[in-house]
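Please read them with the structure open.

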Amino acid sequence: MAVAHLVQAMRFRIWWLFPTAIFCGVSELVGWGARLYSSGAPQALIPFEIQISATITGPTPLIAVNFIILEYVIKMLGARYSRLKPRMYMILFVTSDVISLTIQGVGGATAAMAAGNQKDPTTGGNIMLAGIIMQMVAITLFVILGTEFLYRYASNKPLKAPADDLERHQALSYDLGMDTRMKLSLYAMAFSTICLFIRAVYRTIELTDGWNGRIIATQLYFNVLDGGMVTLAIFTLNIFHPGYLIFPLLRHDGSYTKA
């Protein structure tokens, strides 16, 4: 999946996929590889530390893809339906994602080192938990704002009148309807966001339950609710790629071509 994203990013020249989707794919491969190695060599310290850090931080940048895609969608469909300016979605949510990633990384490293030294990893786990909760809050706010935008667009209830030629053009072309490729992209973004939110909820419950709890000790939960959700999200992006669905619709003036 990481290789597929690398090829797609280079083909369509979408460079922001490198620190987001590709970073996620590589981190997941490293983390799950280390986890597999640890299952056969439970006393090995380095693979244990790697799998804790990589599997907690790896999926975090993937949600940033949806933050960036929504910015493009709002620019194309009409910023007057949005409560925030399009650029603010990337600034606010990607910034929160970076902070969340940093917190989770620090927590993961702290927990891994403590566990490797036969010490209590609870402090590191609590730091990781704070980063995950911050990500959940960001996703929730993103969903609320994105849902409001789509509702206002679907019901043609803008927050303001057209302010320039671009917005007047978007208002006039509203009756032509939404392109099928745009709809597919929105469906894919919604599905991916749900998957990553489920993963964040699971991780929150897991870390709240503690390092000696039943949830963290149950491999099936981790396989389905962490690995499974991330896999679905990252493959969804492969299949419903913005290079196929969004960017061919984008014009130089920020509007989009409807089929």
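1. Basis. This is a predicted model, in which local features need pLDDT of at least 70 and side-chain atom pairs count only at pLDDT 80 or more, while totals for chains, interfaces and linings use all residues. Residues are numbered from 1 along each chain as its sequence is written, and side-chain values use heavy atoms, with hydrogens and water left out.

2. Fold. The protein chain has ten helices and zero strands. Its pattern along the sequence is α-α-α-α-α-α-α-α-α-α. Helices (H or I, at least four residues) and strands (E, at least two) are DSSP runs, numbered from the N terminus. Of the 259 residues in the protein chain, 48% are buried. Buried means under 20% relative accessible area, exposed means over 50%, and partly exposed lies in between (1.4 Å probe, protein chains only).

3. Largest pocket. Its volume is about 510 Å³. The lining counts 20 residues, and Arg-35, Phe-48, Gln-51, Trp-211 and Ile-216 lie nearest the centre. H2, H3, H8 and H9 each give at least two lining residues. H3 supplies the largest share, five residues. The grid has 1 Å spacing over the protein atoms alone; a pocket is an open set of points with protein on both sides within 12 Å along at least five of seven lines, a cavity is a set where a 1.4 Å probe fits but cannot get out, and lining residues have an atom within 4 Å of a point. Points are joined across faces, edges and corners, and a volume is the space filled by probe spheres set on them.

4. Cavities. There are three cavities of 30 Å³ or more. The largest cavity holds about 90 Å³ of space. Its lining includes Leu-62, Val-65, Ile-69, Met-189, Leu-237 and Phe-240.

5. Nonpolar patch. Val-26, Val-30, Leu-45, Ile-46 and Ile-50 make a nonpolar surface patch of about 400 Å². Helix H2 (18–40) and helix H3 (45–57) each give two or more of its residues. H3 has the largest share, three residues. Patch residues have over 30% relative accessible area and no salt bridge; like charges are joined within 9 Å, nonpolar side chains (Val, Leu, Ile, Met, Phe, Trp, Tyr) within 5 Å. A salt bridge puts a side-chain nitrogen of Lys or Arg within 4 Å of a carboxyl oxygen of Asp or Glu. Areas come from the Shrake-Rupley method with a 1.4 Å probe; for residues, only the protein chains shown count as cover.

6. Val-30 and Ser-53. Val-30 sits in helix H2. It is partly exposed because its relative accessibility is 43%. Ser-53 belongs to helix H3, and at 21% it is partly exposed. Ser-53 and Ser-27 are 26 residues apart in sequence, with 9.1 Å between their C-alpha atoms.

7. Arg-80. Is Arg-80 buried or exposed? It is buried, because its relative accessible area is 7%. Arg-80 lies in the loop between helix H4 (62–77) and helix H5 (86–116). Its side chain makes a polar contact of 3.4 Å with that of Tyr-81. A polar contact is a pair of N or O atoms within 3.5 Å; within protein, one must be able to donate a hydrogen and the other to accept it, and residues adjacent in sequence count only if both atoms are side-chain atoms.

8. Pro-158. This residue is in the loop between helix H6 (122–154) and helix H7 (165–172). Pro-158 is partly exposed, at 29% relative accessibility. Its C-alpha atom is 8.7 Å from that of Gly-78, 80 residues apart along the chain.
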